Structure formats: structure tokens, C-alpha cells
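Welcome, and thanks for taking a look at this one with me. Here are some notes to read alongside the picture.

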Amino acid sequence: MHKLGEVILAQVQYADTFEIKKRPAFVLFEEKGNIVVAGITSNPKMLGIQIKKKEGAIKNSIIKLNYIFTISEKMIERTLFSVSEEKKKMVKEELIKKLK
């Protein structure tokens with residue numbers, strides 16, 4: 001079972017094309033085999049929450065809370081690392097702001 005704060009490597013289909021790529025994603029929650037994730041990018045110009053190399057990322061990256069989607073367990077290749085409790089709290093707070 002995947003939990004909030006895990007960074008996974010998964011097969012992701014892009015919304016604007018039918019192309020599928022292997023990409024990192026940030027797990028928000030899992031329910032009945034569906035995993036809701038936020039996309040991750042290494043583009044520093046994107047808005048979101050930073051994940052640094054020292055936290056486990058391959059490159060300094062951004063969790064894009066404006067790019068949330070659902071994937072199945074079968075699309076996940078592996079778990080890469082988990083973020084700190086402080087980072088999880090930041091993600092929750094930003095999501096709540098977006099829902100207001």
C-alpha cells in the first residue's frame with residue numbers, strides 16, 4: 001500500500017498526448033488499488049514544492065500540485081524514497097489552500 005509522501009517511479013500518460021513516459025510522482029493517497037499522485041518535474045521554473053537532492057531526489061525537483069492524476073498499482077515500477085514529515089505537512093497545507 002502506498003502512502004502520502006512516497007516518491008515513486010511510474011508509467012505516466014500525458015494529458016495533452018497519448019505518449020506514456022516513465023516519470024517520478026508524489027503519492028497523495030491510495031484507495032482500492034488506485035493511487036492519486038502529483039507530478040514531479042526537474043524544471044525549476046515550475047510552481048510547487050521543492051524536493052532537493054539531499055532529500056533523496058536524483059535532481060532538485062518540484063512537486064506540481066496543479067498536476068494531480070490517478071494511476072493503477074500496475075503502472076508503478078518502484079518506490080524511490082519518502083519525504084520528511086515536514087514536507088508532507090507542506091504538501092497538505094498547499095492542497096488545502098488550493099481547495100478553498
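1. In which order do the elements of the protein run from the N terminus on? They run β-β-β-β-β-β-α, and the secondary structure comes to one helix and six strands. Helices (H or I, at least four residues) and strands (E, at least two) are DSSP runs, numbered from the N terminus.

2. A word on the basis of these notes. This is a predicted model, where local features need pLDDT of at least 70, side-chain atom pairs count only at pLDDT 80 or more, and totals for chains, interfaces and linings use all residues. Residues are numbered from 1 along each chain as its sequence is written, and side-chain values use heavy atoms, with hydrogens and water left out.

3. Now for the overall dimensions. Along its principal axes, the C-alpha trace spans about 30 × 30 × 25 Å.

4. Follow the sheet next. Its six strands are arranged in the order E4-E5-E3-E2-E1-E6, forming an open sheet with antiparallel pairing; two strands pair if DSSP finds at least two bridges between them. At the edges are E4 (49-51) and E6 (76-82), each pairing on one side only. From one strand to the next, the twist averages 50°; the angles run from 0 to 180 degrees between N-to-C directions, with axes as lines fitted to C-alpha atoms, for helices over the stretch in contact.

5. Strand E1 (residues 6-13) and E6 run antiparallel and are joined by five bridges. Here Ala10 stands opposite Ile76 in E6.

6. What does the helix lie across? Helix H1 (residues 85-99) lies across E2 (20-31), E4 and E5 (61-72), and it runs at about 80° to E5. Val91 touches Phe26, Leu28, Ile49, Ile63 and Leu65, not counting residues up to four places away in sequence; contact means heavy atoms within 4.5 Å.

7. The cut-offs are under 20% relative accessible area for buried and over 50% for exposed, with partly exposed in between (1.4 Å probe, protein chains only). Not counting residues up to four places away in sequence, Lys87 touches Ile49, Gln50 and Glu55.

8. Please also look at Lys32, in the loop between E2 and E3. Although Lys32 is not a glycine, it has a positive phi of about 50°. Lys32 is exposed, with a relative accessible area of 80%.

9. Lastly, two totals. Of the 100 residues in the protein, 36% are buried. Among contacts with a separation of 6 or more, 55% are between residues 24 or more positions apart.
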